[in-house]
Amino acid sequence: MKKLSNKAKRTASCALCAFVLLPISGQAAAASTYPDRPITIVVGYPAGGSVDLNGRVVAETLAKKIGANVVVENLGGAGGTIGAQKVIRAKPDGYTLLVGSLNEIVIASLVNPAVKYNGITDLQAIGLIGDQPLVLAASKKTDIKNTADLVKVATSAKSDSYSYGSSGVGTSLHMAGEMVNAETRAKFLHVPYRGVAPLVTDLTSGRLPLGVFALSSALPQIQSGQITAIGVTSAKRSSFASDIPALAENPALKAMDISVWFGLFGPKGMPEAVVTKLQTSLQQVLADPAFQEKYRTTGSNVMRAQPDLASFFQAEHNKFKKLAETAHIATGRP
């Protein structure tokens, strides 16, 4: 076989280097011009819900900060997991993003074996947008009027004669009810509903003693006196309704700390420069006074100070995995 000359070897080596570097250079070029076309934010729920409201208020301000049209695509179904899966499978170029929540990012894969993705490892977290506490409310026709009454009933032999409703099995609302059970060793029966409206109807009529809601969903009925707010599920009171105590203020429920959070995510494998630009733009959105004012109308708190995301998601995973096991809810991923 004829040996290559040194010059030929150098030429071949340079050609190989160019071939290897071509994809990297292409990525860098794409990142430097990003975004040069509209960005789609997928929301895994129908229009009008809390996740959708987050998606729309973020999209409006993000478009101004990042310099491109941002459109919202509602892809409801399976508790937000259909939308999440679409983004996981999308091309990782930064043009298909997800506004997701605690349910489809963390809880779904823990309680539903049919969910084959892991929201923490299969998505690129860009940043948290905000969070909102849940609230445990009681029917006016029940004898539970405050947290002391709740604990008294929960720790009695008759706790199994009480039930609480949520908007579905495996949701954060269901988990909050099960955390009350776990902390007080109560046997409150979970009754899943298809949405908030029938849950409110049964609670106001007295057919259901207790219900767990997103705070923003329950406030109209609480303020009108149709139902009684027992306490919010976050560790501290909400600035939106500071007159409602936190369940954790009662020593028997001191470990209660569940809030629904919302975040911006993309497919795994996006160029680092694109991720950085999205993170910078999101921080600009969260710092915008007009955005903050509008965001408050969703009933959520703006998450301006970002936690260490890896640690935050791992802690959430551990918390809800333990809760799902304690409550004997079908578990998916380890």
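Begin with the second largest pocket of this predicted model, which has a volume of about 260 Å³. A pocket is an open set of points on a 1 Å grid over the protein atoms alone, where a 1.4 Å probe fits, with protein on both sides within 12 Å along at least five of seven lines; lining residues have an atom within 4 Å of a point. Select Asp131, Ser234, Asp257, Ile258 and Ser259, the closest to the centre of this pocket among its 19 lining residues. Next, colour helix 11 (309-326), which gives the most to this lining, with four residues.

Residues are numbered from 1 along each chain as its sequence is written. Local features need pLDDT of at least 70 and side-chain atom pairs count only at pLDDT 80 or more, while totals for chains, interfaces and linings use all residues; side-chain values use heavy atoms, without hydrogens and water.

Of its 39 lining residues, select Tyr45, Asn103, Ser167, Thr171 and Leu173, the closest to its centre. Helix 4 gives the most to this lining, with five residues; helices are DSSP runs (H or I, at least four residues).

Finally, display helix 9 (residues 272-287) and helix 10 (residues 289-296), whose axes come within 5 Å and cross at roughly 70°. The two helices are therefore roughly perpendicular to each other (65 to 115 degrees). Select Val285, Leu286 and Ala287 of helix 9 with Pro289, Phe291 and Gln292 of helix 10, which make the contact (heavy atoms within 4.5 Å).

Methods. Axes are lines fitted to C-alpha atoms, for helices over the stretch in contact, and angles run from 0 to 180 degrees between N-to-C directions. Angles under 35 degrees count as roughly parallel, over 145 as roughly antiparallel, 65 to 115 as roughly perpendicular and the rest as oblique. Grid points are joined across faces, edges and corners, and a volume is the space filled by probe spheres set on the points.
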